[in-house]
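Colleague: I am new to this structure. Please show me the model, and then I will ask about it.

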Amino acid sequence: MKARTLAEVLFTAALFLVLAYAMTGYPEFGFVRPLGGFFLYHTFNEGNPGLWSGSPNAVTGILWDYRGYDTLFETMVFYIGTVAVVIFFERRARLRQTRGMSMIVSASTRLIFIFIITSALTITIFSVKGSGGGFQGGSIMAIAYVAILVALSKGFLPQLKINVKRAHLLRTLGLTIIAAMTLTPIVFSIATGTEAFALQNQAKEWAPFGFPAFLGLRSLSGGSIIPIQIGETLFVGMGFTIMFTLLTLKGGDEDGDGEEEGGGGEKKAGKEAEG
Amino acid sequence: MIDAILVGLVAIFLASIVIAAYRLIRGPTIPDRMLALDIISYTFAVVMALVAVLLRSPFLIAISFMLALWFYVGSLYVARYLEGGEIGD
Amino acid sequence: MIDTVINLLLVFCILLTALSIRAKDLLLAVVLSGAEGVVVAVLFYLLLAPDIALIQIAAGVGIATAFFILVLKKLRRYEEE
């Protein structure tokens with residue numbers, strides 16, 4: 001068991017490194033597309049500080065200073081969708097392990113699960129440099145859980161330490177991170193009497209509030225983007241997981257504690273396989 | 001030189017996509033079409049990787065990973081449906 | 001050359017959409033709309049919009065297909081005349 005856990009961790013780490021290398025690669029130095037030139041002019045233009053967003057990371061500038069409300073309303077729409085599904089389909093359920101698909105499919109799905117989760121994290125964290133972002137990472141993470149649901153049956157989810165209640169908690173945690181990062185500039189503004197606006201990321205001439213740069217490098221982290229993307233990933237991924245878990249539950253499933261039942265069910269399934 | 005080889009490879013893969021697309025549209029049963037769709041999407045993933053090499057932009061490679069992974073999951077759904085069981089059991 | 005490929009893919013996309021609208025077997029319609037999602041993702045990729053392609057792959061191919069098949073499980077598979 002120990003060796004297997006170690007192998008899984010090493011596999012995940014190696015995949016993470018490869019994907020990180022792939023995500024952060026650059027085209028040849030100095031190559032800028034015309035649209036990229038426009039945004040570079042308006043994000044960190046030392047010669048024209050009236051226009052810039054003040055962000056040394058252009059991706060952060062575009063995503064957060066130009067499209068911040070877009071992301072915020074996307075999150076809101078998704079929140080309402082999740083609430084609708086929860087209202088209509090919520091039942092407390094005992095998750096029983098059942099047969100699932102054949103062994104070949106189950107084994108390859110376990111490998112693919114690690115691959116998908118790793119790439120979701122990579123897409124989330126390295127979205128400051130390449131393509132990707134919170135919504136993409138979240139839906140990729142959700143697909144990993146859906147694959148487990150389809151191939152290994154819903155009784156396998158408790159073994160991944162995921163049930164509906166925990167998914168709700170993680171989703172709320174993600175939402176709290178986003179709300180905190182959104183509202184911090186306003187609180188700062190009220191407290192100190194200076195100008196600031198919601199979703200502000202970096203300091204400007206007329207609004208001195210700025211998030212500190214994480215990891216020490218301003219251009220790598222771009223201020224508030226990494227916590228916000230991680231929050232968005234948790235929110236979207238866990239939201240989709242809740243939706244799919246609730247949609248696959250049936251009326252016959254009764255109340256109970258999901259976790260212990262999952263373990264017991266596994267033993268039962270093992271006995272059936274032996275017999 | 002290497003660019004010409006890459007363009008030729010892309011052309012060959014696109015031709016194989018055309019052949020699989022015929023089976024996708026004509027194929028009499030669902031498993032036929034699903035296999036054709038698997039071939040199409042994996043080949044598209046390869047084409048995407050080749051195009052990323054051709055354009056010398058490594059961050060485009062990640063999309064081809066995603067497409068390949070996705071289609072694995074997509075064919076799982078259909079297989080599960082055809083197997084007859086309830087999804088989630 | 002890239003324009004020709006994009007135009008051919010658009011024609012293929014329209015063809016797949018028309019077929020999936022006409023299909024009487026709803027599972028077939030789901031498979032064909034999944035194929036259409038793949039083609040649209042490749043189009044976004046060729047137009048150099050990789051993050052939109054990522055969303056299209058995740059939402060259009062993964063999540064939409066899963067929802068449709070879940071719903072199809074609760075309905076009849078064949079559409080009547």
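Colleague: How many residues of chain C are in contact with chain A?

Modeller: This is a predicted model, in which local features need pLDDT of at least 70, side-chain atom pairs count only at pLDDT 80 or more, and totals for chains, interfaces and linings use all residues. Residues are numbered from 1 along each chain as its sequence is written, chains are lettered from A in the order in which they are written, and side-chain values use heavy atoms, without hydrogens and water. Contact means heavy atoms within 4.5 Å. On the chain A side 15 residues take part, and on the chain C side the number is 12.

Colleague: Which residues of chain C lose the most area to chain A?

Modeller: Buried area is the accessible area (1.4 Å probe) that two parts lose on being put together, summed over both. Between chain C and chain A about 1,200 Å² is buried, and carbon and sulfur atoms give 83% of this. Together 39% of what the chain C side buries comes from Leu54(C), Ile63(C) and Phe67(C).

Colleague: How many salt bridges does the rule find across the interface of chain C and chain A?

Modeller: A salt bridge is a side-chain nitrogen of Lys or Arg within 4 Å of a carboxyl oxygen of Asp or Glu. The side of chain C that touches chain A has two charged residues, one polar and nine nonpolar, where Ala, Val, Leu, Ile, Met, Phe, Trp, Tyr, Cys and Pro count as nonpolar, Asp, Glu, Lys and Arg as charged, and the others, Gly among them, as polar. Across this interface of chain C and chain A, the number of salt bridges found is zero.
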